[in-house]
Amino acid sequence: MAVPIPAAPVELQQDWDVPEQIGLWTDVWRRFRRNRIAVLGAVVVAILIIDAILAPLLVHFGIVQDPIKQDVTNSFAGPSVGHLLGTDQLGRDMLSRLMHGAQISLTIGILVQGIILVIGGTIGLISGYAGGRTDNLLMRFTDIWYAFPDLIFVLVLVSVFGASLLSIFVAIGIVNWVGLARLVRGQVLSIKEKEFVESARAVGSSHLKIVLRHLVPNALGPVIITLTFGIPQAIFLEAVLSYLGVGIPPPTPSWGVMIQDGYQAIFSAPGQVAFPAIAVAITMLSFTFIGDGLRDALDPRMKR
Amino acid sequence: MWGLHPRKQVRSLAVGICAVVVAFACGNGGGTGTSNEAAPNDQQVLRINDGTEPNSYDPGQQTYTYEAAVGRMTFQSLLLPKPDLSDVQPGAAKSYDVSSDGLTYTFHLRPEAKWSDGKPVTAADWVYGWKRVLNPALAAGYVDPFFDNSVAGGDKYGDVDSKSSSAIDTFLNGLGLSAPDDHTFVIKLAQPAGYFKWIATLWVATPIRKDIVEQAAGGPVASNDATKAEAWANDAKTIVGNGMFKISEIVPKDHVTLVPNPQYWGGAPKVQKLTYYFISDANTAFAKYRTGDLDTYTASTQNVQLIRNDPVLSKQAKLYPKLTTFWMTFNEKKAPFDNEKLRLALSKSIDRDKLANNVLNGTDKPFSTFIPQGMNGYDASLGDSQKFDPTAAKKLLADSGVTAQQLSQFKLLTRDTTANKTVNEFISAQWQENLGVNIGIEVIDSKTVTSRIRKGQFDIYGPDGWGADYPDQQDWFDIFLSTACHNLNWGCPTLPGYDDNIKKADSSRNESDRNSMYKTAQKQLIDTAAVGFIYQAAEYTLIKPYVKDLKITAIDDQAIPGDLFYHDIFIAKH
Amino acid sequence: MANQAVGGRPFGGARPARRLLAPSSRAGALTVFIVRRLLWMLPVVFFVILITFILMHLAPGSPWDRGGGRQLSANVVQNLNVRYGLDKPLWQQFVLYLWNVVHFDFGLSYQYQGKTVSSLLLGSWVYTFTLGVLAFCVIVPVGIGLGVIAALRQNTRVDYVAMGFSTFGASVPNFVVGMLLIIIFGVYLYTLTGGAYSLPVAGFGLDDHLIMPVLTLATLPTAFIARLTRASTLDILRQDYIRTAWAKGLPERLVVLKHILKNSLIPVVTALGPTFAFLVTGSVIVETVFAIPGIGRSFVTAVLSRDYTMILATTVLFSVVVAVANLVVDVLYVFIDPRVRLS
């Protein structure tokens, strides 16, 4: 009788290169993290947000000058120990005003996009998904809105409700949602014909579920990019409104107001316009890098 | 319409290259030495920035200084101010008589005066022109109070139904305007007015050619038809005037070109062309001056330091005081601004020296009286009650019984220009610093501000100001009449005895009586802080050294130095 | 002006495939489509007029309130209101206005005595249109060119430079860009050449007056188009049929022109439509800084001085231009992407 030879240990089959199942957003985050420029943009934005929150505290502790304290005998001063970036036309510290300006500018930028997202996104979703007559009517409605010169609207809102932060960004938001609506609609139109939506319908999912679970996540990519590109655009618009005289009321510093005031003095004190313009430029670049990074991270075809 | 500023690119580029070579060879070209010899005719051009395009080229319709600037050139009024502003001098009228009761002014027109198309100017033209100003259908902005309060029969102006041409005709024919012969123009007044001679210097009331109006309208014009009545003023060819220039070209929103009127009774002016641009951006105008395309530039506050520090520009710049003062208006129909002590406290806590020298860069003069320097009635000694004095201000505030808490709910209404915002930010900070009071600023667009102050919907408003139409005190004190409440007199202060005093002063023809009555009124305004006076304006203006013989006065149109007397100016060789 | 973000078509997904129509019936369908859209413009314009009318009259202040200083007396204001029909009830004014518009009568300006709004508008539009078209001629080649190059050389130095360049140009407000150009090429150049030459600082002219305003106008849209082109080109580059073309060994230029450009242009064309519309209806900033008598500036002046007839007429012009631009884009879309079904 033969001694049973134990069977050779069976080696575990090598796992095929099946990527681990991770959610969409984890994947996106990982890919975003690897994009160094996008991360740089995110870091800068984080710094700006921290600065916006902390600026009043810094003033309280005397690290930074008071942004509304005037010293008219020292106006348009160059950089010095007490005023690292000099002073403006009423002798107020530029650095402090820049730091405080971040509050207003970021608020405008982000909140405006929030309004745009809500209004434009909803209308675009409904229009694209419903199709037919609803789509046609909604699109004509946006045509009217699109053709509408926003200056009147802003002016009326501001003069009826007073020139406050709220009225200005409600005005900007309300007028500018059209682009996003059209974009969302286009996305929805193309996605809703795809197979996975058809199968969801075949299975009997409710409309709401289809919209929320299938359409929204797949449409999000370009939308996010438009929004991040739009944030600096809104800051920019605030500067233009200041140029036209309907900007943030003084003495609150905002980059838009500072650019406009600095523009008036561009010949004698170019630093006045340079510093806030650079601040806006850096913000815009950062958000654009984030937007690009998000776009690349969301692109399913990009190699890992 | 096309090709407004033709420049030959290739030629100028070649010139540029040659010039660079020459410039290096010959050293700095900066236009320092200019002779007094007149430049050749094609260079006898004066280029100025008028800022904004006139809404109309009909002098009767013109109200803003940027419109009057053109109106003055193309039309001439009966009288002109003297260059030193002490009195009037003959204009289109070579002399005038006043009746002993002061109610009839007889103007003797120059028989040699001609229109720019060669026809002689007759008294009938004058009557027609003055009637147009007083025509309710044409709604001339300057009719009130200059014409409807002075000319006999004019007080019914507001009651006329402007839709009915017969009502208008009745009104116009009932006015005290007549032409007994071709060269005599007689004006009857409703009451004596010592200042009427100055009204005769306004650019608004000039002769107008009835036949040209009707030709441009395609036939006789009914007096209630304003559109047809204005048709002639839209085309340079039909704007026929009696002034020393005539319009050769209007390019809408861009510029207007004026050339000498050879028919002018005083002979054609020396300068061969005036170009008035409509550039609204101050920096653009400055750049244009520096590249040699503009001959004058009135500095914005921000550019003043740069000009002062520049070796070339500072020699071309000078400070020209204007008969314009500014003040802060309190809404005295709204508590607690009817409290005199409060108003004085607010006024006395503004450091005017800092305002004028630092905020406004020394281009304006700290001021606490009403009538500007340079005019009859100026008296600095009256200003003590409003002078900057923070200690006294604090005491006044305490005495007034109004708390800082109460005041913090109020706002300082501000127009949305950079200049206004800067000044008001300073004033608001001054109140905070010197009185411990927190009155914030409310910035709105200009029209809305105007509509609110007309309705009395404001707390404090400023800087409000006045520029003299002519150097007579009547022009100033009429602002604060109680009848002007909600129309120039925005704050509606309570001034006992003021109205009667002013009415007497206006109608008196005795200069010393008038002066003392106006002085009393000025003291009353200052001591009760009806408004808070803050500064007198001046213009820091750059003028190219080759513009010669300018006669600059304090009532020149804004940013256009010397434009009351352009007849003898010329461009020197440069 | 309103957000210039993507106008109407997705740059991600493609339209669903449909049965290709025969060319002749396509032409027919196209004509019907165009006519239907033109007809739709009428109600759109009507609503634009209605909303503008309401907003205008909501804004406090009347055309007769003056900026500062001497105000018109009540008598005069009443006379003016009568003269311009502003004393009638609002609904009556609106109906009257519509009636006139149908007869192409846009009324008289309140600000400029006795001038008709249509003559003022057309007179100003000539300048704005010229500048807009010229700027467009800069934006299209430069924007698309930069975008394609950046995409083809993605993540290389070329890409970073091109995108950095365009983004930076777009992140400075255009009045600053304009004034910087004026300072450098106007004032400094003048001083440098001892007064012999500089670019003219203000005004309109069919010569070197055009250089600086056109450059200022073109800066932001070029950046946007470049970025858009890059994104959509990157999308196309990943498609399989492009990989096939590379694999076949086709020369780069052929691949780019024949395959890539044509397909990546779809979203770009969509964005160019509204861009053209906004360019051609004027930028108040550029016109103010360069003192150009165009309609952008006159519109802002009209709004700020409550020149109602001017505001309405400009708005109508604006909405018609935008609607036509969108229509052109939609029609072009048909030719670029044969799968598109005209709805």
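F61(A) has a relative accessibility of 62% in this predicted model and is therefore classed as exposed, the cut-off for that class being over 50%. The residue is placed in the loop that lies between α2 and α3 (94-130) of chain A. Together with I49(A), I50(A), I53(A), L54(A), L57(A), I63(A) and I110(A), F61(A) makes up a nonpolar surface patch of about 790 Å². Five residues of this patch come from helix α2 (residues 36-60) of chain A, which is the element that gives the most to the patch.

The interface of chain B and chain A was examined next. Contacts involve 22 residues on chain B and 24 residues on chain A. The two chains bury about 2,100 Å² between them, and carbon and sulfur atoms account for 56% of this area. On chain B, N283(B), Q302(B) and E425(B) provide 27% of the area that this chain buries against chain A, a share that exceeds that of any other three residues.

One salt bridge is found across the interface. In a salt bridge with an N to O distance of 2.6 Å, the side chain of E425(B) meets that of R92(A). Polar contacts across the interface of chain B and chain A amount to five residue pairs, with both residues of each pair at pLDDT 80 or more. On the side of chain B that touches chain A, two or more residues each are given by α8 (282-290), α12 (352-359), α15 (418-435) and β15 (440-444) of chain B. The greatest contribution to that side is made by α15(B), with six residues.

Definitions and conventions. Residues numbered from 1 in each chain as written. Chains lettered and ligands numbered in written order. Predicted model: local features only at pLDDT ≥ 70, side-chain atom pairs only at ≥ 80, totals over all residues. Heavy atoms only, no water. Patch = residues over 30% accessible without salt bridge, like charges linked within 9 Å, V, L, I, M, F, W, Y side chains within 5 Å. Areas by Shrake-Rupley, 256 points an atom, 1.4 Å probe, with all protein chains shown as cover. Salt bridge = Lys/Arg side-chain N within 4 Å of Asp/Glu carboxyl O. Helix = DSSP H or I, 4+ residues; strand = E, 2+ residues; numbered from the N terminus. Buried < 20%, exposed > 50% of the residue type's maximum accessible area, 1.4 Å probe, protein only. Contact = heavy atoms within 4.5 Å. Buried area = accessible area lost by both parts, 1.4 Å probe. Polar contact = N/O pair within 3.5 Å; in protein donor to acceptor, adjacent residues only side chain to side chain.
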